[in-house]
Amino acid sequence: MGLSAHIATISLGVVFILQLFLFIGSTYNKPLLKDIYFFRFTLGKIFYSFGLWSYCNGSGDVTFQCSHPVGGFIWTTANGVGILVASLRKYDNLFVLNFASYWIAFLINFISISMLVIRRFQPLPSLLLIGSTFLSFFFMLLSLILTILLSLRGLSTAREISKNVHGEFSSATWVALMCVLCLFYSTSWHITKYLLGHTRRVRDDEIDDEKSIEKN
């Protein structure tokens, strides 16, 4: 197995670990957990940071509390900042879709890793692995795009109410981006390997056919 193959395999493991960090972010007011979030709204010294399951609020460098984790957490339900992003209520379904996309990407990536382990003991069709890595990449990319669009839309809406509102993407967004890049590399590598292998098999068959014709 060459270096590029090792990187493609390790990439899936890296994504799995990073996705775990995304799942635990902003769930509790504990060190590390409270600092893993996608987007933060700041109004004066008061801030509201949003993760996949919940949100945290605080002032300056101090986090006061984090809400109880809820599947498909909708930002407009957050106390305080919900009024600033009230116009996002019409996008409630997108928050649910975003949450579902992360879970689907996580589960499919786990299946991809499982298939890599199984392939060490028995052969599996290459298209299965290609399909699983591509689907994981697709849903991870979808959730990242939704996160960015909803964050920017929420910030734009909040600034219409108060010009003193500021916003910034944070660690979870960059972690999600890294997941997308790793999955893109792994998917591209498996597709390239399959296509090159298919081309080589076709060329070998043509050579065998030519040799058979010459013998006849």
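Is F106 buried or exposed? F106 counts as buried, because its relative accessibility is 11% and the cut-off for buried is under 20%. The model is predicted.

**Aromatic rings**

The whole structure holds 20 aromatic pairs. F16 and F106 make one of them, and this pair is stacked. The ring centres lie 5.2 Å apart, with 20° between the planes.

Other rings gather in one aromatic cluster, whose members include F39, F41, Y55, F169 and W174. A charge also meets a ring: the charged end of R40 sits over F47, 3.8 Å from the ring centre.

**The sheet**

Five strands form an open sheet. Their order is β4-β3-β2-β1-β5, and the pairing is antiparallel. Which strands stand at the edges? They are β4 (62–66) and β5 (165–169). Each has a single partner strand, so one side of each is left without a neighbour in the sheet. From one strand to the next, the twist averages 20°.

Strand β3 (residues 55–59) runs antiparallel to β4, and four bridges join the two. C56 has C66 in β4 as its bridge partner.

Helix α3 (residues 126–161) packs on the sheet. This helix touches β1 (39–43) and β5. The direction of α3 makes about 170° with that of β5.

How values were computed: Residues numbered from 1 in each chain as written. Predicted model: local features only at pLDDT ≥ 70, side-chain atom pairs only at ≥ 80, totals over all residues. Heavy atoms only, no water. Phe/Tyr/Trp six-rings, centres within 6.5 Å; stacked < 30°, edge-to-face > 60°. Buried < 20%, exposed > 50% of the residue type's maximum accessible area, 1.4 Å probe, protein only. Lys NZ or Arg CZ within 6 Å of the ring centre and 35° of its normal. Pairing = 2+ DSSP bridges. Axes fitted to C-alpha atoms, helices over the stretch in contact; angles between N-to-C directions. Contact = heavy atoms within 4.5 Å.
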